[in-house]
Amino acid sequence: MLITKRKLFTFAIFLFAGFLNANAQNPLVTHLFTADPTARVFNGKLYVFPSSDTYPPAGREAEFPRFCMPGYHAFSLENGSTWKDHGWVLKENDVPWGEKDTYAMWAPDCIEKDGKYYYYYPAKPKNDKAFRRIGVGVSDHPTGPFKWEKSFIKDVTGIDPGLLLDDDNKAYLFFGGGHELYVAPLKNNMKEVAAEPILVEGLPAGYKEGSFPFKKDSVYYLTFAHVFPDEGYTIGYATSSKPMGPYQYRGKIMDNIHNGTNHHSVVKYNDQWILFYHSWDISGFNKLRSMCADYMEFKKDGTITKVKPSLRGIGTPQVNDTIQIDRYNEISGANTTFVGGDEPNGWMVCDAKMMSYVRFDRVKLDGATTIKARVASGQRNGSFEIRLNNPKGKLIAEFPINYTGGWSSWETIETTIKEPVTGTHNLVVVFKSDWGNTKSVNLNWLLLQ
Ligand code: FUB
């Protein structure tokens, strides 16, 4: 979905208008631009540590032909599908060893060892010729506050820290972009390398950056941005029997998409593997990215099935989670577009005609007694129904369509669920109107209560 500059501007305004919780549908959050997401599970809870993209400060546009990246927020998944923004973890001008106002806070990582959380980040060093150095901070909590080391990690020059903690509690720091990847074991203090970094062997031509190491069934996996001359950025992976390699290329995890770059991570959460990545579909500009996530599967032989990016993403909305219905699994006879009016959110379902439907998979209905819907309509004819699993499935709720003051005048309406439903189901919204009516209602979101 490409958008015009004007739309981008309008969109940016609502992005920064700010609301701190957002949904697990793709993109994961829309109140700020986020890139390079590193996801981790700590004590059973899913966290994501992305970088952030922003607009260059006024008057300094020419200095930032590439990324303008002011620092890091941290997020955690709350309830079934709501991301909580914990605010700033680190701002660029708070890096003890960093050059000020360089907006150079590229991809970070965070890892837990012996009950402490270590956050690794690249920054532009002051009084040093290196493009980037890597710093570290330690905290008792995954989202900080972190105590930042006064100096960068000695003997490490480069970007994209990727951490691996092996089963024997030894940690490894992978880093480097621009076709070369290095790895070094870390000392027990996690703040110094235990040996000179070595070049990782066996990576294919076109290895670019953004490596993410993890281990599964005694196999070491290394995923990375892999650039093909005809296709551009893809996500590839390699495996090894030893943490520091040599590695062997195994194939692609994701084809080229609208992602600009494709820094990513892989995590196992609630027994499902998830690929976190970013795309610029919502901004139309490859330096304003937004993090996304989709489920990923391993075949029996340990190889990875290619992931197809989806709007629906991950997570299972439940009572008190908002369902962004425009992030559908299937749509028929209707469209989606950016929300109009004073609405703070991103998209809506529009142009819904008689028997149009939208299917949204995996909603946990236990305990829900009512459904709220955010609607706008310029006419007063028809209804929409909520059915289970398919457009002819069990009818659980019905909303009349009334005139709300216009197609951008929003109201929240509410209806009772006809009889209690348990378990996780796919929800299908079916629109009813006169045959020939091309627009019945704009629907922004649903909320179970
Ligand atoms: O986001 C800035 C840089 O672009 C990251 O550090 C790289 O991995 C690439 O995504």
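Figure 1. A polar side-chain atom of T261 lies 2.7 Å from an oxygen atom of the ligand. The structure shown here and in the following figures is a predicted model. For H263, an N or O atom of the side chain is 2.7 Å from an oxygen atom of the ligand. A107 takes part through its backbone: a polar backbone atom of A107 is 3.3 Å from a ligand oxygen atom. On its own the ligand has 270 Å² of accessible area, and the protein covers 99% of this area.

**Figure 2. The residues around the ligand.** The shell consists of D36, F67, M69, W106, A107, D160, E209, T261, H263, H278 and R289. Sorted by class, four residues of this shell are nonpolar, three are polar and four are charged.

**Figure 3. The largest pocket of the protein.** This pocket has a volume of about 400 Å³. Its lining comprises 19 residues, of which R40, I111, L165, F214 and K215 are the closest to the centre of the pocket. Five strands each supply at least two residues of the lining: β2 (33–42), β6 (109–113), β10 (162–165), β14 (207–216) and β18 (265–269). By class, the lining residues divide into 13 nonpolar, one polar and five charged.

**Figure 4. The second largest pocket of the protein.** The volume of the second largest pocket is about 280 Å³. Among the 15 residues that line this pocket, S279, D281, P309, S310 and L311 are the closest to its centre. Two or more lining residues come from each of the elements β19 (272–279) and β20 (290–296). The lining of the second largest pocket contains eight nonpolar, five polar and two charged residues.

**Figure 5. The protein as the setting for the close-up views.** The protein has one helix and 31 strands. Its C-alpha trace spans about 70 × 55 × 45 Å along the principal axes. A compact globule of 449 residues would have a radius of gyration near 22 Å, and the value of 23 Å for the protein agrees with this.

Methods. Residues numbered from 1 in each chain as written. Predicted model: local features only at pLDDT ≥ 70, side-chain atom pairs only at ≥ 80, totals over all residues. Heavy atoms only, no water. Near = heavy atom within 4 Å. Polar contact = N/O pair within 3.5 Å; in protein donor to acceptor, adjacent residues only side chain to side chain. Areas by Shrake-Rupley, 256 points an atom, 1.4 Å probe, with all protein chains shown as cover. Nonpolar A, V, L, I, M, F, W, Y, C, P; charged D, E, K, R; others polar. 1 Å grid on protein atoms, 1.4 Å probe; cavity = no way out; pocket = protein on both sides within 12 Å on 5 of 7 lines; lining within 4 Å. Points joined across faces, edges and corners; volume = space filled by probe spheres on them. Helix = DSSP H or I, 4+ residues; strand = E, 2+ residues; numbered from the N terminus. Rg over C-alpha atoms; globule rule 2.2 N^0.38 Å.
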